[in-house]
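I opened this notebook to record what I looked up, in the order in which I looked.

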Amino acid sequence: MPAVQISELRAHAGDTVTVRGWVATTRSSGKIAFVVLRDGTGQVQGVLSKKELPEAAWETFGSLTQETGLALTGVVREERRSPGGFELAVSGLEVFGPSPDYPITPKEHGTTFLFEHRHLWLRNRRPVAIARVRHEVEQAIRDFFYQEGFTLVDTPILTGAIGEDAGNLFATDYFDLGRAYLAQTGQLYVEAAAAALGKVYCFGPTFRAEKSKTRRHLTEFWMVEPEVAFNDSDANMRLQESFVSYIVGRALERRGEELKELERDTAALERVQAPFHRISYTDAVVRLNQLGSDMTWGADLGADDETLLAKDRDRPIFVYNYPKEVKAFYMKANPDDPRTVLNNDCLAPEGYGEIIGGSQREDDYDRLLARLLEQGLDPETYRWYLDLRRYGTFVHSGFGLGLERTVAWICGIPHIREAIAFPRQIHRLYP
Ligand code: 4AD
Ligand code: MG
């Protein structure tokens, strides 16, 4: 019997086929019984008739439990009322993987329990829908940069220099060379690659030993980081808005079914079109004070401030030119107001907060060296990075978009830990 996937049943109407998968539900009304099987490509209902089935097979049905691994053989019948439009008139069934006492039942489970069983919970409809949206977003990211002529450059995960911030590094012993750090960013390396290839990006896991337990922080997350030679801060923001609009558009176009499963309000996503809103940090402080925040000039925006600024907006909003004290060493000083740097954060609407951090890079050797020293970083470990300012320094800009925050926003889920299959958090290393 040919084994077919559930998504292919349409092409086999009238044929006898075998479908392999896992038991979602069973029910029986005495002489007739039903088993819903899922195989990752879809769901199909198998119909069993006691009269027409060998007795052993009927008994096997009686022993089926949730998530039993099962092969069903039968004739593919068109059935409009059935999900997928087809059902299987079962003539044989074979258990290949029993599943006694499956821990995740149709009743409600607490979040902690579900994350402890994440390896099994992944089979549920909601995690499956989120996984498909994440997959689409990753593919859209790669397609966008491919179409725009960027070259993908894979950057190291074991690094010698601190990329962002000394405060949340994971470190490990590295042979005779002392400490190695897990990359917080690939940025410094794509800056070097931009001078070789013009438009480049990296896309991979990044690590931050975040001691905060918020719904926006993981200790391991995926970041995509483009870097473009001769883009200034303004061009950098224009790239971000066309990039984010493209990704959201792709999710809407190709993952409508999954967004529906997640009960996402897609009208809010339809409005995500360039140009995005823009406000300077200095104006944002005034606006926030009007809205009731007590933040003062010089402080970083907190999560509540970000929510407040973006919540009534129909599209994402750029906040640009922050005080240099709250940002990383590599951002270019703003010639019009040296208290600030030429950077931007991109805040998603609906309370999701920062999804992108970006900036024009400091391209002046002396100023960059001074910034490293001010921040207590060892210039020796940045010698190679400083070289980029010694040999043909150039205006360049880039940004980092956090994949999980973006997927959480697109899916409309409250916590980013659901946006990755196996989240890593301060208190979570298993499964
Ligand atoms: O703002 P960040 O720290 O910027 C950088 O790392 C730059 N080197 C990027 C660049 O210019 N090439 O991080 C960028 C984005 C954030 O906006 C956020 O979406 C995500 O990465 N992010 C996190 N996501 C999940 N958990 C965390 N702990 C995150 N930290 C940052
Ligand atoms: Mg940031």
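The entries below follow my reading of the structure.

**Entry 1: conventions.** I note that this is a predicted model, in which local features need pLDDT of at least 70 and side-chain atom pairs count only at pLDDT 80 or more, while totals for chains, interfaces and linings use all residues. Residues are numbered from 1 along each chain as its sequence is written, chains are lettered from A and ligands numbered from 1 in the order in which they are written, and side-chain values use heavy atoms, with hydrogens and water left out.

**Entry 2: helix α12.** I took helices (H or I, at least four residues) and strands (E, at least two) as DSSP runs, numbered from the N terminus. I called a residue buried under 20% relative accessible area, exposed over 50%, and partly exposed in between (1.4 Å probe, protein chains only). In α12, which spans residues 383-390, I found Y385, L386, L388 and R389 buried. Viewed down the helix axis, these buried residues fall within an arc of 140°, so they line one face of α12; the arc is that of the directions from the helix axis to the C-beta atoms. I then asked what the buried residues of α12 pack against. The partners are α5 (187-197), α11 (365-374) and β16 (396-402), where contact means heavy atoms within 4.5 Å. After α12 comes G392, with a positive phi near 75°.

**Entry 3: helix α13.** I looked next at residues 403-411, which form α13, and eight of its nine residues are buried. Among them are E404, W409 and C411. Just after α13, G412 has a positive phi of about 70°.

**Entry 4: salt bridges.** I counted a salt bridge where a side-chain nitrogen of Lys or Arg lies within 4 Å of a carboxyl oxygen of Asp or Glu. My search of the whole structure gave 30 salt bridges.

In one of them, R125 meets E261 at 3.3 Å, N to O. This pair links distant parts of the chain, R125 being in helix α4 (residues 125-147) and E261 in helix α7 (residues 256-261), 136 residues apart. R125 counts as exposed because its relative accessibility is 52%, whereas E261, at 34%, is partly exposed.

**Entry 5: R134 and its partners.** I found R134 bridged to E138 at 3.3 Å, N to O. The two are four residues apart in helix α4, which means that about one helical turn separates them. R134 also forms a salt bridge with E404, with the closest N and O atoms 2.9 Å apart. That pair joins α13 to α4 across 270 residues of the chain. Both E404 and R134 are buried, and E138 is buried as well.
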